[in-house]
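Got the sequence and the 3D view open? Here is a quick tour to read alongside them, topic by topic.

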Amino acid sequence: ECNGENRYNLHLDFEYSNAGNDFFDVLGREDKLIGTYKLSDLPVNIENFEGSGNEYDYIKVCINDNPECCKVAEFKAPQCQTEACEIYDLQLSAGNCNTDSTYSLTIDFDYSNPNNEFFEVFTRNNSYIGYYKLNELPLTIAGFKKSGLEYDFIKVCINDHADCCKEAEIKSPGCKD
């Protein structure tokens, strides 16, 4: 069963004879150690096994400290992709001008599968504005600084999801400098 993006529980069982040891190692590709387990605990469940992302995954089981006593298994991996994070319907609304070349800017958007409770706001050149809770939408930034260009630029991203962002521009209001 899947536990998230490309992770699943792996049920492992095998028969053995003349082990000469009470433990076995489970290795991934390139002999990356996944874990060491007691033979007496078979069958074992390896929770949150990280799949390769390929159609077939691979494990190698060796009696601990005996690299000559190993078996390799390739098996069809389950499809454990979670729904992709998405931001859509990003709306920007300019509000009242302030006396310091700023204005009130309201940001609102819809989202799906954020896997997070927060979002971040940036302007041009990835200049960071702040970190906010999704449940605070719509968000009003009282002192949004004008860019000096005809259009001001906003990018919102779900926190810790650099691939889940949306950008928009808004005509800069005619606030006096």
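A nonpolar core is a set of buried Ala, Val, Leu, Ile, Met, Phe, Trp, Tyr and Cys residues joined through side-chain atoms within 4.5 Å. Keep that in mind for what follows, and remember that this is a predicted model. The largest nonpolar core here has 23 residues, and Ile107, Phe109, Phe119 and Val156 are the ones that touch the most other members.

**The cores**

- As background, nonpolar side chains in soluble globular proteins tend to be buried together.
- Take isoleucine 107 as an example: leaving out residues up to four places away in sequence, its contacts are Leu90, Gln91, Leu92, Val121, Leu137, Pro138, Leu139, Ile141, Ile154 and Val156.

**A serine in strand 9**

- Strand 9 covers residues 102-112, and serine 104 is part of it.
- Is serine 104 buried or exposed? Its relative accessible area is 18%, so it counts as buried, given that the cut-off for buried is under 20%.
- Not counting residues up to four places away in sequence, serine 104 touches Ser93, Ala94, Gly95, Asn96, Asn98, Thr140, Ile141 and Ala142.

**Aromatic rings**

- How many aromatic pairs does the structure hold? There are 11 of them.
- One of these is phenylalanine 14 with phenylalanine 24, an edge-to-face pair with 5.0 Å from centre to centre and 90 degrees between the planes.
- Phenylalanine 14 sits in the loop between strand 2 (7-12) and strand 3 (23-27), while phenylalanine 24 is in strand 3, so this pair ties together parts that are 10 residues apart in sequence.
- Why does the pair of phenylalanine 109 and tyrosine 111 count as edge-to-face? Their ring centres are 6.1 Å apart and their planes stand at 65 degrees, and planes over 60 degrees apart get that label.
- In that pair, phenylalanine 109 is buried, with 2% relative accessibility, but tyrosine 111 is partly exposed, with a relative accessible area of 32%.
- Phe14, Tyr16, Phe24 and Tyr37 come together as one aromatic cluster.

**Lysines over rings**

- Look at tyrosine 56: lysine 76 lies over the face of its ring, 5.6 Å from the ring centre.
- Then find phenylalanine 122, where the charged end of lysine 155 sits over the ring, 5.6 Å from its centre.

- Strand 6 (residues 56-63) pairs with strand 7 in the antiparallel sense over 7 bridges, and lysine 60 stands opposite valine 72 in strand 7.
- Strand 6 also pairs with strand 3, again in the antiparallel sense, over 4 bridges; here aspartate 25 has cysteine 62 in strand 6 as its bridge partner.
- How well covered is strand 6? Mostly: 7 of its 8 residues are buried.
- Strand 6 and strand 7 make a hairpin with 6 residues between them, and aspartate 65 in the turn has a positive phi of about 65 degrees.

- Isoleucine 34 is in strand 4, and its relative accessible area of 33% makes it partly exposed.
- Its contacts, not counting residues up to four places away in sequence, are Val26, Leu27, Gly28, Ile46, Phe49 and Ile59.
- The C-alpha atoms of isoleucine 34 and isoleucine 46 are separated by 8.9 Å, and these residues are 12 apart along the chain.

Key:
Residues are numbered from 1 along each chain as its sequence is written. This is a predicted model: local features need pLDDT of at least 70, side-chain atom pairs count only at pLDDT 80 or more; totals for chains, interfaces and linings use all residues. Side-chain values use heavy atoms; hydrogens and water are left out. Helices (H or I, at least four residues) and strands (E, at least two) are DSSP runs, numbered from the N terminus. Buried means under 20% relative accessible area, exposed over 50%, partly exposed in between (1.4 Å probe, protein chains only). Contact means heavy atoms within 4.5 Å. Rings of Phe, Tyr and Trp (its six-membered ring) pair if their centres lie within 6.5 Å; planes under 30 degrees apart count as stacked, over 60 as edge-to-face and the rest as tilted. A charge sits over a ring if NZ of Lys or CZ of Arg is within 6 Å of the ring centre and within 35 degrees of the ring normal. Two strands pair if DSSP finds at least two bridges between them.
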